[in-house]
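Hi,

Here is the structure we talked about. Have a look first, and my notes follow below.

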Amino acid sequence: MQDTHRARRGFGFWAAMVIGAIVLIFGLPIFGGGIWLAALGGSWYYIFAGLGLLLTAFFLFRRSMLAVWVYLVTFIGTVAWAIWEVGLDGWAQVPRLVAPTVVLVLVLALIPVLRGRYSTPRGTVAAGVAGMLALSASIAVLNFSGDGTAVAQDAPAETETETETEAEPVPAPVEDADEPVTEVLPEQPGEVPAGQAPAVQAEPGEPATAATEAPAAENQAQTPAPAEDAPGATTPTGVEARDPLAVMEVGENWPAYGGTYHGTRYSPLDQISADNVEQLVQVWEYHSGDLPEGEGDDAGSYSPENTPLKIGDDLYHCTAMGIMVAIDAATGLEEWRYDPEVPTDAIPYGATCRGAAYFEVPGADPDELCATRILWGTLDARLIAVDTQTGQPCPDFGLSGEVNLEEGIGDTVPGWYSVTSPPTIVRGIAVMGAQVNDGQAEDAPSGVVRGYDAVTGELAWAWDLGNPDSRTEPAEGETYTRGTPNMWTIAAADEELGLVYLPLGNSAVDYYGSNRSELENEYATALVAVDVTTGDDVWHFQTVYRDVWDYDLGSQPALVDFPTGEGTVPAIVLSSKQGDIYILDRATGESLFPVEEREVPQGGVEPEYISPVQPFSAYHTLAFEPLEERDMWGMTPLDQLWCRIQFQQANYEGIYTPPTSDGHWIQYPGYNGGQDWGSLGIDTERGIMIANYNNMPNFNRLIPREEADEMGARAIFEPEWERGAEGPGPQLGSPYAIEVNAGWRQWTGLLCSTPPYGGIRAIDLETGETLWDVPLGLATRNGPWGIPSMLPIPIGTPNNGGPIVTAGGLIFIAAATDGLIRAIDIETGETVWSAELPGGGQTTPITYEVGGRQFIAIAPGGHHFMETPVSDAVIAWALPETELAVQGATQ
């Protein structure tokens with residue numbers, strides 16, 4: 001018995017020593033970091049918490065019951081402080097209460113050891129009861145989830161981004177190469193700076209209040225709307241101009257990336273509804289075989305983002321490396337493939353092919369080769385056209401079915417100038433932008449946007465921002481203007497008006513602007529309406545003045561007949577990375593709602609360049625309130641404390657905080673949302689707009705050139721450059737390189753801001769009011785150091801890819817990092833069905849009909865930046881045949 005008692009005392013001694021050491025290890029940095037944070041002007045809580053931990057450790061080493069009492073006081077104070085700071089938000093309480101609760105359990109477990117020498121049974125019972133009450137309180141806080149809804153914050157002060165506004169709408173009165181192989185398989189701006197126009201006209205220094213105050217809107221080029229084409233009219237290069245052509249509608253087919261070139265992503269199909277969606281079954285799964293190989297440069301760079309087309313009986317799917325595949329829409333069997341043999345060194349930021357375009361040649365014999373054709377661009381900058389039935393190259397298009405898009409571009413290297421988005425075809429003109437690899441050099445390839453005849457491949461016009469008097473290719477020995485804003489994303493179009501709407505990005509150097517031209521200052525980060533016959537810009541609308549935040553327009557706009565009290569107005573809906581959503585008259589570019597100019601933070605490295613005001617939409621914004629120290633997050637109090645210290649050290653005054661080099665600055669929202677290329681979905685019948693969004697900051701710093709050189713910053717054209725290498729973006733030609741911590745990740749891999757990091761919102765189209773807003777994505781595949789938590793709890797993950805909406809009252813979306821595609825009830829925001837995907841769902845699904853059966857299909861290719869698994873799959877679901885038979889019998 002004595003030996004047993006002695007062994008227990010020995011174990012108890014060492015248990016107290018070990019737990020005391022753990023508490024000391026946490027207490028020292030929390031106490032020291034707390035002093036640092038308080039000195040920076042932050043919270044004093046950590047000083048007191050750290051002191052409590054140190055005293056607890058001291059008394060544990062002495063095996064005194066005072067350790068229990070000291071820690072109980074510390075823990076109860078922590079719970080009270082945590083509730084005072086963030087209320088009953090479960091995710092916000094994780095770093096505040098989880099680790100302290102674990103320590104509480106450990107300390108309480110030592111009561112028998114500590115009691116043996118220094119305590120009485122009555123004191124033990126009191127300590128245990130107090131501990132259990134404190135533990136219960138913390139568990140209650142962590143379990144609180146409310147209704148799971150994440151609602152945008154209330155409208156902030158006048159100088160901050162607004163959320164919901166009840167304003168009523170105000171209607172506006174190649175070189176030859178080895179021939180690729182086609183395989184056919186049988187059976188199978190305050191004062192606005194010079195050269196910069198405000199969103200609406202305003203007196204200097206005063207905010208504009210309504211679009212109707214702006215005569216013809218200074219934010220628009222004073223070019224009249226396009227007239228009807230005259231007989232025999234031609235484009236600037238002599239290509240015959242066409243009258244408006246017939247447009248294939250969505251329903252049985254999904255004929256364009258956004259459903260149609262109106263980009264609403266709405267389908268009138270209603271066979272699948274909230275009442276039966278749970279019965280969906282997987283009908284087929286196809287694999288293209290296009291996957292990264294080995295450990296080469298391409299292994300960590302796949303991000304396909306593809307949305308297939310569905311025409312007739314076939315799907316047309318473009319793989320990550322630009323292989324076009326025709327798939328039987330009912331069975332998933334491959335019918336043909338065309339491999340343009342894109343080399344892996346052409347991969348830019350990622351191996352991406354978002355989609356293709358379909359075109360029917362007017363008046364062609366249906367049996368003629370390429371009477372119907374598929375057009376798409378490649379990573380090595382080719383525009384390709386093939387026959388829809390056979391996959392054979394169109395011999396009448398360009399050179400053997402290809403057009404070299406590097407003509408007139410000038411000096412470039414593989415991966416610097418690429419095409420990742422589909423053409424937009426209006427009146428037979430295929431409009432092409434291109435991706436220019438970000439942040440390399442001021443002297444980058446041009447952002448020129450060009451129109452090509454969809455039949456012959458001839459250049460119809462070139463819209464070169466730096467050369468507004470020319471619409472043709474450059475003279476011999478010259479190039480399109482280098483470094484100008486480009487259109488890497490997807491355009492929208494109005495066939496009747498003959499306009500194509502170009503969402504422009506930024507100049508070649510995103511985070512420095514003092515050396516930009518006046519035209520760049522006027523057109524960067526703007527929506528430009530271009531006449532597809534002449535190549536002239538009819539109007540433009542700028543969403544950011546003098547953009548040095550990489551807030552390029554990434555979303556495809558959507559064309560709707562906008563409801564007003566006096567009827568409908570043909571409008572265009574434009575969403576942005578900073579979160580604002582604008583409603584514009586699609587013929588004139590005038591805003592149907594007020595666009596207010598508000599003062600924004602000044603300073604940074606370019607105080608004379610930064611605009612003193614920025615345009616804010618009074619219709620709707622996806623942006624949240626400015627960050628505060630209490631919004632910092634982590635896994636434990638330690639990493640949350642470090643994020644708090646970083647927050648207090650950083651330069652941050654809210655949205656549009658200017659870039660700095662003397663320290664980091666916080667960009668919120670970050671460059672990937674608000675909304676990125678996933679774009680909006682709009683139920684035009686119900687009048688509901690669906691927007692999924694990101695809600696994350698970036699933690700950035702401009703690096704002076706000398707320091708950047710020492711860090712080894714290299715541009716894509718320099719011999720030492722390596723794709724995927726760590727280090728800042730060089731931004732050659734400016735005084736600074738740029739270091740971006742996207743999402744503001746800390747050493748654990750977690751983000752420094754509190755979830756949710758992404759959500760999906762329903763907005764009343766007519767009023768701009770939020771109908772519901774919920775987090776998008778579960779926590780299952782997220783966790784510290786990349787370890788999946790496996791928690792099936794809504795957290796709202798970062799997301800890329802967009803929604804589609806159907807007449808059946810459903811939203812179908814993947815996008816989040818949890819590996820699910822889900823159906824959401826458009827009326828309630830409730831997820832009513834989901835399915836596991838073999839790869840990341842960073843793309844947009846489609847819906848179509850074959851033989852009276854509605855299908856949902858998606859190509860979940862994964863995404864290197866989103867850190868989701870890569871896949872070569874295309875998958876389709878439908879209701880069981882038995883369910884369809886029952887539906888048919890009851891109709």
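Phe-58 is partly exposed, at 44% relative accessible area (buried means under 20%, exposed over 50%, partly exposed in between, with a 1.4 Å probe and protein chains only). Phe-59 has 16% relative accessibility, so it counts as buried. The two rings make an edge-to-face aromatic pair, 5.1 Å centre to centre with 70° between the planes. For pairs, ring centres of Phe, Tyr and Trp (its six-membered ring) lie within 6.5 Å; planes under 30 degrees apart are stacked, over 60 edge-to-face and the rest tilted.

Before you go further: this is a predicted model, where local features need pLDDT of at least 70, side-chain atom pairs count only at pLDDT 80 or more, and totals for chains, interfaces and linings use all residues. Residues are numbered from 1 along each chain as its sequence is written, and side-chain values use heavy atoms, leaving out hydrogens and water.

Back to the rings. Tyr-551 and Tyr-656 have their centres 6.0 Å apart and planes at 85°, so this pair is edge-to-face. Both Tyr-551 and Tyr-656 are buried. Ring pairs also join them with Trp-549 and Phe-616 in a cluster. The whole structure has 31 aromatic pairs.

The charged end of Arg-354 is 5.5 Å from the ring centre of Trp-677, and Arg-761 lies over the face of Tyr-693 at 5.1 Å.

Cheers

Methods: A charge sits over a ring if NZ of Lys or CZ of Arg is within 6 Å of the ring centre and within 35 degrees of the ring normal.
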